[in-house]
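This report covers a sheet and a single residue of the structure shown below.

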Amino acid sequence: MFGKRGNEGFGKGGGVSAPPPPPAAAVPSSAPAVLVEPAREPGRPQVTPPPMQTPQRRRPARTDEYYDTKAQVFSALIDTIDLSQLAKLDAESAREEIRDIVNDIITIKNFAMSISEQEELLEDICNDVLGYGPLEPLLARDDIADIMVNGAGKTFIEVGGKTVESEIRFRDNGQLLSICQRIVSQVGRRVDESSPICDARLPDGSRVNVIAPPLAIDGPALTIRKFKKDKLTLDQLVRFGAITPEGAKLLQIIGRVRCNVVISGGTGSGKTTLLNCLTNYIDRDERVITCEDTAELQLQQPHVVRLETRPPNIEGEGEITMRDLVKNCLRMRPERIIVGEVRGPEVFDLLQAMNTGHDGSMGTIHSNSPRECLSRIESMIAMGGYSLPAKTVREIIAGSIDVIIQAARLRDGSRRITAITEVIGMEGDVIITQDLMRYEIEGEDAGGRLIGRHMSTGIGKPNFWDRARYYNEEKRLAAALDEMEAKSKEV
């Protein structure tokens, strides 16, 4: 069974001239990935710059000879290795086994390679067999927020709030689609011509979207929203300038006193990050149920139930929608319901939950201002086919939501919390809101970065004052509002 070096290795029979490879379904992509490492690690994380990272060594441009050598080595490896035995090893042991076999192949075939070239070849082949091929160097970098692959020949990354083209390339669209299939199969989903759109996640929680031909004309389009290994906190958002210390204290109180919160913002504005931060202030004895399209929230409480939607199968059956999850979680005795992203009619069920004893529920929504957020919620309810008068719908919204937190990604790439707005109630047919804090842009510096300030609106007692008193937080709330107003008056 083992035979490559006595009884140690996972070769199929002693050396590289072994029996034919296993069936195609069990064999990874048999051709090499065109991989050129990024030149450096510039940039900053999502919100503001940390200390500069040590730049990576720039690898020389690879030649056709390198790729031809890699193809030969890869082919010999597939002929030699026993994949069924390799699958039983942990990742590090499997990587070492592949390295040993590749070194033997290079020696036997007498390839003329320097030590550095051999190391690069070993790393490339290990990534192709065990990982995600050319994506591996990008996934390993913690300074990258998004990876956007537009077909085999174009890969872009977001670093420090700016989108730049990466030097990463795939061999062809076939290899890219194979890697996409490998990613989505890990969460029981598939992507192919009959099911060309798929949402999934990586083991670390990073969000993945794939759209394949024939819908994607120039080859599969793969988008990965990477999450930092270390979950951000409100204190870190303060250091990054996304919010002031006084504003962060206000958000802590909002989370602590079980206000019903909707986080509003555009794509990439940091809504999910902010939602994760707010959930830190949920008491550890509360039962929390999360509903998401792709599970990405990182709650630290011990009593958390995570639910995830399911797409239809190949026969078009078995779909579980977000609305199904929200409806079902109401039967699970939740104390708080967290909806990762509200996109459709499920918003009505969430509002009903907020209005019937599940205080402290939270969700995110795509919109560009608190007022637009309310309009979108109203539109989503109409999309669900509810034939309710407009005033009744607005009364439900006003009676359910306590606070809207607006997040934004500014044109310089920075993320800011631009408004904390509470919903007061109804006046006639109009929902009344008031800002507790807003962000005002004052200009930009010589480097093109925007300069602005978080300003208090001078509200003495917010509408949730009685709720804060119930939780013995009224003194902290008053102090936070006073500090915000004092800072706003400073020149």
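Six strands form an open sheet in the order β3-β2-β1-β6-β5-β4, with antiparallel pairing. Strands are DSSP runs of E with at least two residues, numbered from the N terminus, and two strands pair if DSSP finds at least two bridges between them. Because β3 (162-165) and β4 (197-201) each have a single partner strand, they stand at the edges, and one side of each has no neighbour in the sheet. On average, neighbouring strands are turned by 15° against each other, direction ignored; the axes are lines fitted to C-alpha atoms.

The model is predicted: local features need pLDDT of at least 70 and side-chain atom pairs pLDDT 80 or more, while totals for chains, interfaces and linings use all residues. Residues are numbered from 1 along each chain as its sequence is written, and side-chain values use heavy atoms, without hydrogens and water.

| Strand | Partner | Bridges |
|---|---|---|
| β2 (residues 155-159) | β3 | four |
| β1 (residues 144-150) | β6 (residues 221-225) | five |
| β5 (residues 207-211) | β6 | five |

E158 has T163 in β3 as its bridge partner. In β6, T223 is the bridge partner of M148, and N209 also stands opposite T223.

T364 lies in strand β11 (residues 362-366). T364 is buried, at 1% relative accessible area (buried: under 20%, exposed: over 50%, partly exposed in between, with a 1.4 Å probe and protein chains only). Leaving out residues up to four places away in sequence, T364 touches I263, K271, L275, V339, G340, E341 and V342 (contact: heavy atoms within 4.5 Å). The T364 side chain reaches the backbone oxygen of G340 at 2.4 Å. G265 is 99 residues from T364 along the chain, and their C-alpha atoms are 7.9 Å apart.

Notes: Axes fitted to C-alpha atoms, helices over the stretch in contact; angles between N-to-C directions. Polar contact = N/O pair within 3.5 Å; in protein donor to acceptor, adjacent residues only side chain to side chain.
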